[in-house]
Amino acid sequence: MTFPGPPALGRGVVVGPGQDPPAPWAGARRIVVDADTLRAPGEAVDALHSAWARREPVAVELAADPAALREPETCTTPVWSLEPSFEFTRERLQFLVWANTYDARTGEPLWWHGRRAGRLLADRGVRSGGPADVTGPEGTPLFVDGGPFPPPAAGADVVHRWSVEAGELRVVGHGRPRGVLAEDQLAAVDHGSGPARVVAPAGSGKTRVLTERLTHLIEDRRASPSTIM
């Protein structure tokens with residue numbers, strides 16, 4: 001598999017304690033995740049989320065026990081008393097450490113999303129390796145993206161990791177919405193990555209915007225339906 005991958009995908013790398021990152025990440029921002037980070041993950045989560053959302057390649061120094069980072073979190077507080085901002089911050093940290101990064105802790109960087117795609121989609125003719133992350137059933141090179149959806153053009157077809165984890169091989173599309181929409185409705189339907197808030201009065205077409213957005217994500221951007229919430 002190739003590394004550091006297409007620059008547009010903004011992949012980072014995970015290294016061990018005190019370990020220098022491979023040459024492609026020599027000048028990248030270094031974010032340390034250690035035992036203190038697990039006790040108070042907020043600052044690291046903010047930094048890693050910002051890098052993930054902007055597709056900024058970073059070097060993550062994983063100095064914490066990986067098993068402790070993976071440990072599930074629980075909350076026994078009554079659901080009705082939780083604030084809207086509640087989250088399992090350490091679980092989010094675990095996601096962000098590995099969301100769009102190679103694993104270079106033990107040698108040559110490994111792209112686990114590609115390995116997983118080769119395993120989960122083997123019966124579809126997908127295999128790990130080749131000129132990209134995986135090779136499709138017709139010999140097509142494919143990159144498996146771990147950044148926010150939808151990924152940008154990367155010089156070869158791209159499949160998002162969420163589609164792979166849903167057991168699907170859906171090459172991401174970049175089509176525009178097809179519905180006849182007002183300018184403000186189109187802006188909401190064609191919104192890129194990240195949150196959006198639609199505020200409009202009754203009868204102005206909010207429900208249509210939602211249905212057109214779903215249609216756009218599935219038909220034009222080729223998102224797997226089971227990954228949309």
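Which side chain meets that of Arg39 in a salt bridge? The partner is Asp36, and the distance from N to O is 2.2 Å. The model in which this pair is found is a predicted one.

## The pair in helix 1

Arg39 and Asp36 both belong to helix 1, which covers residues 35-39. Arg39 and Asp36 are both exposed. Their contact is part of a total of 16 salt bridges.

Strand 3 covers residues 58-62 and is mostly covered, with five of its five residues buried. Val58, Val60 and Leu62 point one way from strand 3, whereas Ala59 and Glu61 point the other way. In a regular strand, side chains alternate between the two faces of the sheet. Residues on either side of strand 3 are buried, Val58 and Glu61 among them.

Two strands pair with strand 3. Strand 1, residues 12-15, runs parallel to strand 3 and is joined to it over three bridges. Within this pairing, Val15 has Glu61 of strand 3 as its bridge partner. Strand 2, residues 29-33, also pairs with strand 3 in the parallel sense, over five bridges. Here Arg30 stands opposite Ala59 of strand 3.

## Salt bridges with a buried partner

Asp103 and Arg105 form a salt bridge through their side chains, at 2.9 Å from N to O. How is Asp103 classed, buried or exposed? Asp103 counts as buried because its relative accessibility is 6%. Arg105 has a relative accessibility of 33% and therefore counts as partly exposed.

Asp190 and Arg221 also meet in a salt bridge, with 3.2 Å from N to O. Asp190 lies in the loop between helix 7 (183-189) and helix 8 (206-220), while Arg221 lies in the segment after helix 8, so the pair ties together parts that are 31 residues apart in sequence. In this pair the acidic residue, Asp190, is partly exposed because its relative accessibility is 22%. Arg221, at 7% relative accessibility, therefore counts as buried.

Arg29 falls within strand 2, which spans residues 29-33.

Definitions and conventions
Residues are numbered from 1 along each chain as its sequence is written. This is a predicted model: local features need pLDDT of at least 70, side-chain atom pairs count only at pLDDT 80 or more; totals for chains, interfaces and linings use all residues. Side-chain values use heavy atoms; hydrogens and water are left out. Buried means under 20% relative accessible area, exposed over 50%, partly exposed in between (1.4 Å probe, protein chains only). Helices (H or I, at least four residues) and strands (E, at least two) are DSSP runs, numbered from the N terminus. Two strands pair if DSSP finds at least two bridges between them. A salt bridge is a side-chain nitrogen of Lys or Arg within 4 Å of a carboxyl oxygen of Asp or Glu.
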